[in-house]
Amino acid sequence: MKLPIYMDSHSTTPVDPQVLETMLPYFSERFGNAASRSHSFGWDAESAVETARVQIANILKASPKEIIFTSGATESINIAWKGTQEMYGEKGNHFITVATEHKATLDSAKYLEKKGCSVTYLPVDKYGLVDPKDVEKAITDKTILISVMHANNEVGTIHRIAEIGAVAHARNVLFHVDAAQTVGKVPIDVNAMNIDTLSLSGHKIYGPKGIGALYVRRQNPRVRLGAVIHGGGHERGMRSGTLNVPGIVGLGKACEIAQVTMAEESARLIGLRDRLMKGLTSQLDSIYLNGHPDMRLPNNLNISFAYVEGEALMMGLKEIAVSSGSACTSASLEPSYVLRALGVGEDLAHTSIRFGVSRFNTEEEIDFVIERVVAVVNRLREMSPLYEMAKEGIDLKSVQWSSH
Ligand SMILES: *Cc1c(COP(=O)(O)O)cnc(C)c1O
């Protein structure tokens, strides 16, 4: 077993060796520009791109013509929001989204608010779920887009996308889904779920970084989006720029592998994730699961450890690459806005750890992580007067803290 152990697969994943192998020729001998129509180098690249389009469409149950290549989910989300505003701005200027969305969505929303649009940010329940009835109630004559993530990247909660899609379509409002965390883990069917635009990313699914895709529905209804990047008219004018052929080939292969292995791999991830959960809960008291107990990503475990100090906990876990609920927004010590939206108190948000189990983690690694986390939490609690008082049955909320 090699240290450190990588268990942060919601942030990024390594490129699958099969994906890398498929990409390599497109850096060297097969280097053509997919837009070159006059020679075989171009035809070869174009054919590789079209193969990837089919592989990506397949995992979404979409048609290949509905796939637009981008630099990642952040760009796809930006196009979905700004392109919708540009094309449908005459019809209305109201957007609906959820408080726990990824920053790519929230910052696109803020940008459009500055341009005069209005945005409704719906709250979530203690499990991180938005109520489809709240989505319905928020729709007005001016609503042009509902944007909801399929699964949350911090707590793993999976939203009721099909129900929200049905609400959107019944009211003729376009529906965008950020599926960066779910492609290859949770089945997606853009027609059954009434999804009009969908964002995905290569590096979250064992593909390369800097490549992503946007699904844009072509019928019932035919969706049109204004461009964010202007240029040579690539990708039906929605996203200009010479295509990243090796990246596209890698994204396609990553989707193909994900589709073939999804059922088996999700079951394996759930097994490892539950082993981790059981290992921790059987040996530690006062720990809390963040997110939904069942409606969650197979690879996600987000847990708060009471009576320890967040920074000290992370320091003690240097051999394990995980994310914490306080370091999430990089340099700031603000507790995660996602956990706060779920109503998790500041103390518990600061001591939360997000474990993201991946395709390459082993049972041996899970057992090592359990052992380390239990040891570090126990050591920190031994030094904690608060934990001692709680153990003695003193209700900490009732204590009169004296300042002298
Ligand atoms: C990672 C992620 C993104 C951003 O994707 P990039 O490809 O890194 O730009 C957006 N939404 C969610 C839910 C993510 O997990």
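A search of the whole structure, which is a predicted model, finds 19 salt bridges, a salt bridge being a side-chain nitrogen of Lys or Arg within 4 Å of a carboxyl oxygen of Asp or Glu. Residues are numbered from 1 along each chain as its sequence is written, local features need pLDDT of at least 70, side-chain atom pairs count only at pLDDT 80 or more, and totals for chains, interfaces and linings use all residues. Side-chain values use heavy atoms, with hydrogens and water left out.

## Salt bridges

| Pair | Closest N and O atoms |
|---|---|
| K137 and D134 | 3.7 Å |
| R160 and E163 | 3.7 Å |
| D285 and K391 | 3.0 Å |

The D285 and K391 pair links distant parts of the chain, 106 residues apart. D285 sits in the loop between α7 (245-281) and β9 (287-290), and K391 in helix α12 (residues 385-391). Helices here are DSSP runs of H or I with at least four residues, strands are runs of E with at least two, and both are numbered from the N terminus. D285 counts as partly exposed because its relative accessibility is 31%, while K391 is exposed at 54%. These classes are set by relative accessible area: buried is under 20%, exposed is over 50%, and partly exposed is in between (1.4 Å probe, protein chains only).

K137 and D134 are both in helix α5 (residues 132-138); they are 3 residues apart and therefore separated by about one helical turn. K137 is exposed, with 68% relative accessibility, and D134 is partly exposed, with 25%. In the remaining tabulated pair, R160 has a relative accessible area of 31% and is partly exposed; E163 is also classed as partly exposed, at 43%. Beyond these pairs, D16, E265 and R359 are linked in a network of salt bridges.

## Helix α6

Helix α6 (residues 161-170) has five names on its buried list: I161, I164, G165, V167 and A168. They cover an arc of only 160° around the axis, so they lie on the same side of α6. The arc is that of the directions from the helix axis to the C-beta atoms. Among the elements that cover these buried residues are α5, β5 (143-149) and β6 (174-178). Just after α6, N172 takes a positive phi of about 55°.

## E75 and T70

E75 is in helix α3 (residues 73-88), and T70 is in strand β2 (residues 67-70). E75 is classed as buried because its relative accessibility is 12%; T70 is buried as well, at 3%. Both side chains take part in polar contacts, meaning pairs of N or O atoms within 3.5 Å; within protein, one atom must be able to donate a hydrogen and the other to accept it, and residues adjacent in sequence count only if both atoms are side-chain atoms. The side chain of E75 makes such a contact with the side chain of S71 at 2.6 Å. The T70 side chain pairs with that of S76 at 2.9 Å and reaches the backbone oxygen of G72 at 3.1 Å.

Contact, in the wider sense, means heavy atoms within 4.5 Å. Not counting residues up to four places away in sequence, E75 touches T70, I229 and R239. With the same exclusion, the contacts of T70 include E75, S76, I79 and R239, and T70 also touches G210, I211, G212, A213 and L214.

## G325

G325 is placed in the loop between β12 (323-324) and α9 (337-341). G325 counts as buried because its relative accessibility is 4%. Leaving aside neighbours within four places in sequence, G325 is in contact with E334, P335, S336, L339, A349 and S352. G325 and G116 are 209 residues apart in sequence, and their C-alpha atoms are 33 Å apart in space.

## A nonpolar surface patch

V15, L20, L24 and F27 form a nonpolar patch on the surface, with about 360 Å² of accessible area together. Patches are made of residues with over 30% relative accessible area and no salt bridge, with like charges joined within 9 Å and nonpolar side chains (Val, Leu, Ile, Met, Phe, Trp, Tyr) within 5 Å. Accessible areas come from the Shrake-Rupley method with a 1.4 Å probe, and for residues only the protein chains shown count as cover. V15 is found in the loop between β1 (5-6) and α1 (17-23), and its 33% relative accessibility makes V15 partly exposed.
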